[in-house]
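Here's a quick briefing to read alongside the sequence and the 3D view. Have both open, then work through the points below.

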Amino acid sequence: MGRTAMTREYPKKPMPTDAMTQPSQGDSVVGAKGHRVDVEAHLPKPKDTCWRIDSHTLAKHRILRGYLQAWLPIVGTSFPRIRLIDGFAGPGRYAGGEPGSPIIMLRAILEHAARATISAEITFVFIEEREDRFEELQRSINALRAVTPFPANVVVGTRHGRFDQLMPLIAPADETQRPPTFAFIDPFGWTDVPMKLNSSILGIDHYEALIYVPLPFIARFVDDPAVEDSLTLLYGDETWRTARALSGEARIEALRSGFETAMLKHTDYVRAFDIRPDGNRGYTLFFGTRSLRGLEKMKDAMWSVDPAGGCLYSDTTDPNQEVLFRPEPDFSQLELMLRQRFAGEVFSIEAAELFVLEGTPFAKSHLKRRTLKPAEAAGRLSAVDPAPGRQRGTYPSGTRLRFQT
Ligand SMILES: C[S@@+](CC[C@H](N)C(=O)[O-])C[C@H]1O[C@@H](n2cnc3c(N)ncnc32)[C@H](O)[C@@H]1O
């Protein structure tokens with residue numbers, strides 16, 4: 001039987017009890033003939049309550065932590081209420097004692113340097129389907145609370161049940177009651193994350209989602225008729241089928257770009273961040289947001305992860321522009337992208353900043369000092385009609401530039 005636990009009443013509207021008592025179906029989907037099909041039976045999913053952490057989970061957690069550290073002071077000082085949802089919360093800790101994503105999310109506020117200025121009511125919603133993990137999650141949260149009491153503006157709600165069944169009940173239908181919401185969607189496989197549900201999150205102003213999709217597994221099973229319904233649910237249509245005609249990296253790439261396209265039908269910006277354990281491609285975090293500021297902060301978070309534990313990270317949003325995230329970025333790649341975009345044109349520094357943010361994997365902070373300044377010093381870039389007194393290598397607003405041909 002599903003249960004709900006919370007430190008304060010949440011949500012304000014009563015939850016329909018039938019949705020909280022649905023029997024768990026495991027990772028299955030309703031097949032064409034109406035019976036439930038276990039499409040992920042072959043996936044290496046841990047059976048124990050807590051399991052050993054791996055390098056790509058650590059990488060996911062670094063991104064999550066980095067983004068929330070930037071997101072919380074922005075929205076937490078501009079809105080009266082904000083919300084963080086972990087749709088596949090897990091037990092809150094790993095076998096070696098490492099924190100799970102709910103604890104990382106809570107610590108992002110509890111340990112935030114700007115916590116005193118974050119006045120919004122912050123509601124956390126943690127959803128976990130398995131009873132033993134749900135109970136362990138509550139223990140993990142209580143253990144954290146015992147060490148670091150939660151401030152009065154932090155409201156924690158845990159939900160026992162399935163993300164696809166509980167999430168539609170969490171977002172109130174009334175548009176005006178919807179606080180800025182960040183959802184972390186981190187299943188083991190790909191079922192129970194229908195695009196229809198993701199689109200209902202992404203389609204709302206101030207809602208954003210970080211979705212983990214293990215594309216190599218999908219690529220492995222994509223020919224199997226048993227997965228058809230689950231993939232159509234995941235993508236929201238049948239576009240995934242194009243991957244069947246392809247193999248290897250091309251198949252993963254088709255699945256990746258198809259998922260990005262599906263997300264872009266519902267939100268304004270999507271970035272695909274690849275975590276590559278041992279160099280393998282395709283374990284991808286997709287971030288969707290309608291906020292340019294959110295995009296900027298997520299890119300900063302992505303650039304701040306250090307390669308660790310044999311993991312490489314790359315932005316794979318555009319296969320022609322794949323960029324490895326590393327402590328010393330390859331700024332010549334960014335200069336090339338700028339050259340291609342503004343070839344022969346006079347462009348403003350504002351246009352360049354927008355392009356870097358929207359159209360490249362690079363962060364805004366990579367533009368002026370690290371890319372434009374050396375290009376100008378080497379004579380590859382010049383300022384057009386610069387303001388009197390402008391110093392070379394500085395780019396105040398209104399500066400206009402042109403690359404040498
Ligand atoms: C990859 S783990 C989550 C790990 C966690 N997000 C973290 O980073 O520490 C996926 C979790 O989702 C749970 N789960 C599986 N299907 C679910 C569903 N339909 N709804 C909610 N939770 C589910 C599993 O029991 C498991 O604990």
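Helix H5 is largely enclosed by the rest of the structure, because 6 of its 8 residues are buried. A residue counts as buried if 20 or more other C-beta atoms lie within 10 Å of its own, as exposed if 12 or fewer do, and as partly exposed in between, with C-beta atoms placed from the backbone. What you're looking at is a predicted model, where local features need pLDDT of at least 70, side-chain atom pairs count only at pLDDT 80 or more, and totals for chains, interfaces and linings use all residues. Residues are numbered from 1 along each chain as its sequence is written.

**The big picture**

- The protein has 13 helices and 15 strands; these are DSSP runs numbered from the N terminus, with helices (H or I) of at least four residues and strands (E) of at least two.
- Of its 405 residues, 42% count as buried.
- Two residues are in contact if their C-beta atoms, placed from the backbone, lie within 7 Å. Among contacts between residues at least 6 apart in sequence, 70% join residues at least 24 apart.
- Back in H5, the buried residues are Phe163, Asp164, Gln165, Leu166, Met167 and Ile170.

**Around the ligand**

- Of the 19 residues around the ligand, Phe88, Gly90, Gly100, Ser101 and Glu129 come nearest. Being near here means having a C-beta atom, placed from the backbone, within 6 Å.
- Strand S5 (121–128) and helix H5 (163–170) are the elements that give two or more residues to this shell.
- Sorted by class, the shell has 6 nonpolar, 4 polar and 9 charged residues. Ala, Val, Leu, Ile, Met, Phe, Trp, Tyr, Cys and Pro count as nonpolar, Asp, Glu, Lys and Arg as charged, and the others, Gly among them, as polar.

**Ile122 in strand S5**

- Ile122 sits in strand S5, and it counts as buried because it has 24 C-beta neighbours inside 10 Å.
- Leaving aside neighbours within four places in sequence, Ile122 is in contact with Gly76, Ile82, Leu84, Ile109, Asn153, Val154 and Val155.
- Ile122 and Pro80 are 42 residues apart in sequence, and their C-alpha atoms are 8.8 Å apart in space.

**A three-stranded sheet**

- Look for an open sheet of 3 strands in the order S13-S15-S14, with antiparallel pairing. Strands S13 (347–348) and S14 (381–383) stand at the edges with a single partner strand each, so one side of each has no neighbour in the sheet.
- Two strands pair if DSSP finds at least two bridges between them. S13 pairs with S15 (residues 400–403) over 2 bridges, while S14 and S15 pair over 3 bridges.
- Which residues in S15 are the bridge partners? Ser348 has Arg400, Phe347 has Leu401 and Ser382 has Arg402.
- In a regular strand the side chains alternate between the two faces of the sheet. S15 has Leu401 and Phe403 on a covered face, and Arg400 and Arg402 on an uncovered one.

**Two packed helices**

- Helix H11 (residues 331–341) and helix H13 (residues 368–377) pack at an angle of about 75°, with their axes 9 Å apart. Axes are lines fitted to C-alpha atoms, for helices over the stretch in contact, and angles run from 0 to 180 degrees between N-to-C directions.
- That makes H11 roughly perpendicular to H13 (65 to 115 degrees; under 35 is roughly parallel, over 145 roughly antiparallel, and the rest oblique).
- Phe331, Leu334 and Glu335 in H11 meet Arg370, Thr371 and Ala375 in H13. By class, this contact has 3 nonpolar, 1 polar and 2 charged residues.
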